[in-house]
Amino acid sequence: MMGAMALPAALLNDRATTGRRSPQQPMNEARFEAFYRSTAGSLWSYLFRLTGNPATADDLLQKSFFRLLRANPVVESEEHLRRYLYRAATNLAFDHFREMKREQGGQAMPATFSDAMSRDLRHDMQRMFDELKPQERALLWLAHVEEANHEEIGAALGIKTKSVKVMLFRARKRLAAVLKQYGFGPEVAP
Amino acid sequence: MNTHCRHERDVLAAAREDGWTDALRDHVADCEECAAAASVAPWMGRLAESDVRDRPLPPASALWLKAQLLGRQAAADRASRPFTVFQWLAYLVVASGWAGLITWKWTAVRQWLLSFTPASMIQSASGVAPTIPISFYIGIAILVSVTMVLALHTILAEE
Ligand SMILES: [Zn+2]
């Protein structure tokens, strides 16, 4: 679950000493480093799977953290920060798609891989994933990999929790259809 | 389809860890939502496992430092905004001053410009050229000084 992972020591410090929920704290370098260590890897994977481009994922990762820091957040809980971060990252990724679409004259630009990866099996998996719309990719990644619940997914994508269920169902159906098209049968319970 | 199926998490966990129970299998057979989740869960798991990051992430300290620098830059921009407004007002005042002087003293300006022609120089030498009012020269002197001060201020501010 997005907010269920163990809190890093620097974020937990006050809770450990006082034995109660830590008060709201301004972000400082130590807290930021702890939060970054616990979230940057998974956020990069999310951005990479959304954009299909490692360099773009690098760029958007940095921008997401800058946006978080610029908001000058109080460290209420890691979950709170993660929600903000994923929301910022999703917005940045969607902005990126809109910009790409404008540059391509209205044609949705498929995500691209670097040449070094092009002959890789991973490329085929990403290519299948890229057949989905960005929002569908985001929904599936957050639900299946980040194990986020519907409320967390809604917060990250800026959509109502109630809508997540229907949209996620459709995204799963779409992915199943794409997998079938590429010769992967339905992988239901054995 | 307004509330999500309470078995969805168990189904996803079963698909991920291949830990299917008979009850879950029966449920998936009846629940469209969980069937859709289960049909793509193993593939999503493999996609997540095939992580392709081939370089280290930028260090947190570098990001922190850059964010601080960007923050300071933004604060400086915010602080200099009233100054910039003042500067533009000053440009506007000086430009209006020049425009006003030229319009108000247009006859004098024309006389002054014509005074550089050879015919006017001859007339001036013979003492028949019309005289330019002193207020025109005072106006010019004031506006030239203000313009120079403003230009100098702009150059120094940019440096
Ligand atoms: Zn179900």
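Is Leu168(A) buried or exposed, and what is its relative accessible area? Leu168(A) is buried, with a relative accessible area of 1%; buried means under 20% relative accessible area, exposed over 50% and partly exposed in between, with a 1.4 Å probe and protein chains only. The model is predicted, so local features need pLDDT of at least 70 and side-chain atom pairs count only at pLDDT 80 or more, while totals for chains, interfaces and linings use all residues. Residues are numbered from 1 along each chain as its sequence is written, chains are lettered from A and ligands numbered from 1 in the order in which they are written, and side-chain values use heavy atoms, with hydrogens and water left out.

**Surroundings of Leu168(A)**

- Helix α8 of chain A, residues 161–181, contains Leu168(A); helices (H or I, at least four residues) and strands (E, at least two) are DSSP runs, numbered from the N terminus.
- Between the C-alpha atoms of Leu168(A) and Leu140(A) the distance is 6.8 Å, although the two are 28 residues apart in sequence.
- Neighbours within four places in sequence aside, Leu168(A) is in contact (heavy atoms within 4.5 Å) with Leu139(A), Leu140(A), Ala143(A), His150(A) and Glu8(B).

- The buried residues are His150(A), Glu152(A), Ile153(A), Gly154(A), Ala156(A) and Leu157(A).
- These buried residues pack against α2, α4, α6 and α8 of chain A, and also against α1 and α3 of chain B.
- At the N-terminal end, Asn149(A) caps α7(A), with a side-chain oxygen 3.1 Å from the backbone nitrogen of Glu151(A).
- After α7(A) comes Gly158(A), which has a positive phi near 70°.
- Glu147(A) is placed in the loop between α6 (134–145) and α7 (150–157) of chain A, and counts as partly exposed because its relative accessibility is 27%.
- The phi of Glu147(A) is positive, near 55°, in a residue other than glycine.
- Most residues other than glycine have a negative phi.

**Helix packing in chain A**

- Two packed helices are described by the angle between their axes and the distance between the axes.
- Helix α2 (residues 29–51) and helix α4 (residues 78–103) of chain A have axes that come within 11 Å and cross at roughly 25°; axes are lines fitted to C-alpha atoms, for helices over the stretch in contact, and angles run from 0 to 180 degrees between N-to-C directions.
- α2(A) and α4(A) are therefore roughly parallel to each other, where angles under 35 degrees count as roughly parallel, over 145 as roughly antiparallel, 65 to 115 as roughly perpendicular and the rest as oblique.
- The contact includes Phe35(A), Leu43(A) and Tyr46(A) of α2(A), and Leu81(A), Tyr86(A) and Phe97(A) of α4(A).
- By class, eleven nonpolar, six polar and two charged residues form the contact of α2(A) with α4(A); Ala, Val, Leu, Ile, Met, Phe, Trp, Tyr, Cys and Pro count as nonpolar, Asp, Glu, Lys and Arg as charged, and the others, Gly among them, as polar.

**Chain B: composition and packing**

- Chain B has seven helices and zero strands, and 27% of its 159 residues are buried.
- Of the contacts in chain B with a separation of 6 or more, 61% are between residues 24 or more positions apart.
- The axes of α4(B) and helix α7 (residues 134–158) of chain B are 10 Å apart, at an angle of about 155°.
- α4(B) and α7(B) are therefore roughly antiparallel to each other.
- In this pair, residues including Phe83(B), Tyr91(B) and Trp98(B) in α4(B) meet residues including Ile140(B), Leu143(B) and His153(B) in α7(B).
- The contact of α4(B) with α7(B) has twelve nonpolar, six polar and no charged residues.

**Individual polar and loop residues**

- Asp58(A) lies in helix α3 (residues 54–70) of chain A and counts as buried at 17% relative accessibility.
- The side chains of Asp58(A) and Arg55(B) make a polar contact at 3.3 Å; a polar contact is a pair of N or O atoms within 3.5 Å, and within protein one must be able to donate a hydrogen and the other to accept it, while residues adjacent in sequence count only if both atoms are side-chain atoms.
- Ser50(B), in the loop between α3 (32–49) and α4 (60–104) of chain B, reaches the backbone oxygen of Leu47(B) with its side chain at 2.9 Å.
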